[in-house]
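Hi,

Here's the structure I said I'd pass along.

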Amino acid sequence: MTTPADDPRTAPPQLPGPQLPGPQVHDRHPLALALFALTAVSGLIDAVSYLGLGHVFTANMTGNVVVIAFALAGAPGFSVAGSLTSLAAFLAGAVLAGRLAGRHTTTRRGRWLRAALVLEVSLHGAAAVVAFAWSADGSVRYAVIALVAVAMGIRNGTVRGLGVPDLTTTVLTLTLTGLAADSRLAGGAAPRQRRRILAVATMLAGAVPGAVLVLHGQIAWALVASAVLAGATVLLYRE
């Protein structure tokens, strides 16, 4: 006899893409460690883009939307063109991530993540080459913005599909909200507290050296550092 749960007409739809690991990924799991490393890369990248590429974000698209509003209002130092370039490139990268996910529906998530990271490393490396060869100013700045934003779009689309709580690698708003709202001070059980704190710490750990390099005129070397760190993540990640 077929039960309602076995009836294909009433079974919940199967979502496309790799199986989401969800909250069972502990903080020392290889996937979590890789995402912590990528969070540091995001801090480095946004330091480069915001401080060195004309107050544009290439990892944090919420910031770009606000920056566009500032520029439209006439605030000095903000660029509509730069932020729109970043947004468009980021969305293109997210589309690529969706296509990549579709090609890896039957493979292990490790292969899927590594494929996305190889693309990210290549794009960071290409941005560094452009910055070394022509310097990241003038019209070349838009090429650097586009290359890095495509990389971050691929990353965000991939990490979103992996679905590990509190490890988006680029945005900390919900992580910080959960840290406070779920804390014992708020009457909660403080779940994943260490993970949330580590996510904030790794973002800072990437942003500080990134800012130092940019402030000393070393945008290209900061991009090299992002490519090296993301590349090391590819090489060390085993699952």
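A quick word on terms: helices here are DSSP runs of H or I with at least four residues, strands are runs of E with at least two, and both are numbered from the N terminus. By that count the protein has eight helices and zero strands, so read from the N terminus the elements go α-α-α-α-α-α-α-α. Bear in mind that this is a predicted model.

Some overall numbers. The protein has 239 residues, and 46% of them count as buried. Take the contacts between residues at least 6 apart in sequence: 72% of these join residues at least 24 apart.

H1 is mostly covered, with 18 of its 23 residues buried. Just after H1 comes glycine 54, which takes a positive phi of about 90°.

Within H1, have a look at alanine 47. Why does alanine 47 count as buried? Because its relative accessibility is 9%, and the cut-off for buried is under 20%. Leaving aside residues up to four places away in sequence, alanine 47 touches Gly52, Ala207, Gly210, Ala211 and Val214. For glycine 210, the C-alpha atom is 5.4 Å from that of alanine 47, although the two residues are 163 apart along the chain.

Cheers

Technical notes
Residues are numbered from 1 along each chain as its sequence is written. This is a predicted model: local features need pLDDT of at least 70, side-chain atom pairs count only at pLDDT 80 or more; totals for chains, interfaces and linings use all residues. Side-chain values use heavy atoms; hydrogens and water are left out. Buried means under 20% relative accessible area, exposed over 50%, partly exposed in between (1.4 Å probe, protein chains only). Contact means heavy atoms within 4.5 Å.
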